[in-house]
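Thanks, everyone, for making the time this morning. I would like to walk you slowly through one structure, so please have a look at it before I start.

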Amino acid sequence: MTTSVHSDITTRLEWLNLQAHFPDVATGHLRGYFDGDPARGGDLTVTAGDLFIDYSLNRIDRRTLRLLTELASAVGIEEYRDRMLDGAPVNTTENRAVLHTALRLPPEMELLVDGRSVVPDVHRVLGRMGDFTDRLRNGQWRGATGQRITTVVNIGIGGSDLGPRMACQALRNFTHPDIRVKFVSNVDPADLLGTLDGIDPATTLFIVASKTFTTIETLTNATAARSWITAQLGDQAVPQHFVAVSTNAVEVAKFGIDPTNMFEFWDWVGGRYSISSAIGLPVMVAIGREAFGEFLSGMHTIDRHFAEAPLEANAPVILGLLGFWYSNFFGAETRAVLPYANDLARFPAYLQQLAMESNGKAVQTNGEPVDTSTSAIWWGEPGTNGQHAFYQLLHQGTRLVPTDFIGFAEPAEDLLTIDGDGSMHDILISNLLAQRRVLAFGRTSDEITAHGVPTDLVPHKVMPGNRPSTTILAPKLTPNTLGQMIALYEHQVFTEGALTNINSFDQWGVELGKEQALQLHSVVSGRTSAAGLDSSTASIVEWYQSTRPD
Ligand code: F6P
């Protein structure tokens, strides 16, 4: 294993400086910061590509960010970043490079892994994906009965589902008018059956997406889908109705998919970082090869910003430092992402895997227990829906929930307001502005009393404020800006992982569950006995077997 990023962060002078500084900030209020520093709002912002990020409503003063960047610098975050970008095996427990950024490099660039540039391979696969999607979109690719494909179903789970699913929904306005792209992930048969309901096998193509091609959910769903196709169109229909995306050509061939219909990627692409690889195929089907190129180019814009901007002006680094600050100094347990864009409804779910599978660890790269708090619990829903559900807790609850607001200047489409002379999008953005403002500045008892509120009601109406948020804005939700936002969060997650000195690129924690599910399947289905199981599991197995219909 290669060396760790750093260790003992909590004994460093830079950490101690932050500790000494923290009480000042903990007792400060955002109202006071803004009153005492009128330029704060315009100054505490950063631009990366087309993204304009306002972090002025965070619980920091002007000194905090300097102290945080000093800490990041002291632990060697820039060197670690460069090693990752150069293809060093920073995924130490699997001895792998971590090169999702190579998937977005322009063809003229070079990046050597084991003495060979990976860029030509990346563009060869992108070219094959482009040729395939062109044929699908222009109707040259036909199903077994000679009909055009009008439904594409991606079967995959985790990183082989969440990114493409999120992006296809986010880019709804850029999609091909005659091809629907659907997603099946859950091994609950309701998912596959609900998706296949009402669609025609003759006009349906499946993408079986699995990095390993051994994931039980995906292979089970793919096998059921194959039976659905062959029952109606015959075995010979499989090549026209199935393609695969994987790193594992052997297993793809075993499954019965022609390797010429397989789009490959490489073990240096982590599942949750794979949307810019061939795992993005459903997105390319939906939006076309040029727009997918725009998506990759958006990511590359932020990759370059991450690689080149000084830490104090580096957007993903700043956001990662803030995440680390809240987890480790304020003890914040969760972090909300609230897109004011309905088309980004799945973005929080996508970020959950990105952040929590990456940084939900308790052991440092050197095998020692962490001495810091690692990833927060990420969650979220689009605004304005969440305002009428859980924002009450954000405003007046006892927990501190740092929040990201996401918004766009131009909507994909707009409609007139109820009075017929305004924009619905303006209402949406006004809500975003109102929420971040109320969270930050609240309303004091004096202000409430001045409104003539009866004394006994005043404490109920006090809005404490001082609730931190960051606002991420882009001109419009397009393939390019979506790519920028994804890369922004990828590198932010990297920053938090590097500060806590964990390996953000493995996921051993999910393996044992997979292993035990396989063992328990044989017990649940009655092929092996429940002997030796713990008494709770054994009693549930007994209840299940006696309760389910034969
Ligand atoms: O849930 C664990 C995991 O390994 C994720 O990291 C991954 O994205 C997902 O399973 C799916 O894996 P695969 O693409 O190999 O089917």
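This is a predicted model: local features need pLDDT of at least 70, side-chain atom pairs count only at pLDDT 80 or more; totals for chains, interfaces and linings use all residues.

Let me take the two faces in turn. In a regular strand, the side chains alternate between the two faces of the sheet. In E7, Thr-204, Phe-206 and Val-208 are buried on one side, and Leu-205, Ile-207 and Ala-209 are buried on the other, which leaves both faces covered.

Now to the neighbouring strands. E7 runs parallel to strand E5, residues 151–155, and five bridges join the two; E7 also runs parallel to strand E8, residues 242–246, to which four bridges join it.

Let me turn to the ligand, whose space is the largest pocket. There are 14 residues around it, and those that come nearest are Ser-160, Ser-210, Thr-212, Thr-215 and Glu-357. A polar side-chain atom of Ser-160 lies 2.6 Å from an oxygen atom of the ligand, a polar side-chain atom of Thr-212 likewise lies 2.6 Å from a ligand oxygen, and for Glu-357 a side-chain N or O atom is 2.7 Å from an oxygen atom of the ligand. As for cover, the ligand on its own has 390 Å² of accessible area, and the protein covers 88% of that.

Terms used. Residues are numbered from 1 along each chain as its sequence is written. Side-chain values use heavy atoms; hydrogens and water are left out. Buried means under 20% relative accessible area, exposed over 50%, partly exposed in between (1.4 Å probe, protein chains only). Two strands pair if DSSP finds at least two bridges between them. A residue is near a molecule or strand if one of its heavy atoms lies within 4 Å of it. A polar contact is a pair of N or O atoms within 3.5 Å; within protein, one must be able to donate a hydrogen and the other to accept it, and residues adjacent in sequence count only if both atoms are side-chain atoms. Accessible areas come from the Shrake-Rupley method with a 1.4 Å probe; for residues, only the protein chains shown count as cover. On a 1 Å grid over the protein atoms alone, a cavity is a set of points where a 1.4 Å probe fits but cannot get out, and a pocket is an open set with protein on both sides within 12 Å along at least five of seven lines; lining residues have an atom within 4 Å of a point. A molecule sits in a cavity or pocket if more than half of its atoms lie within 2 Å of its grid points.
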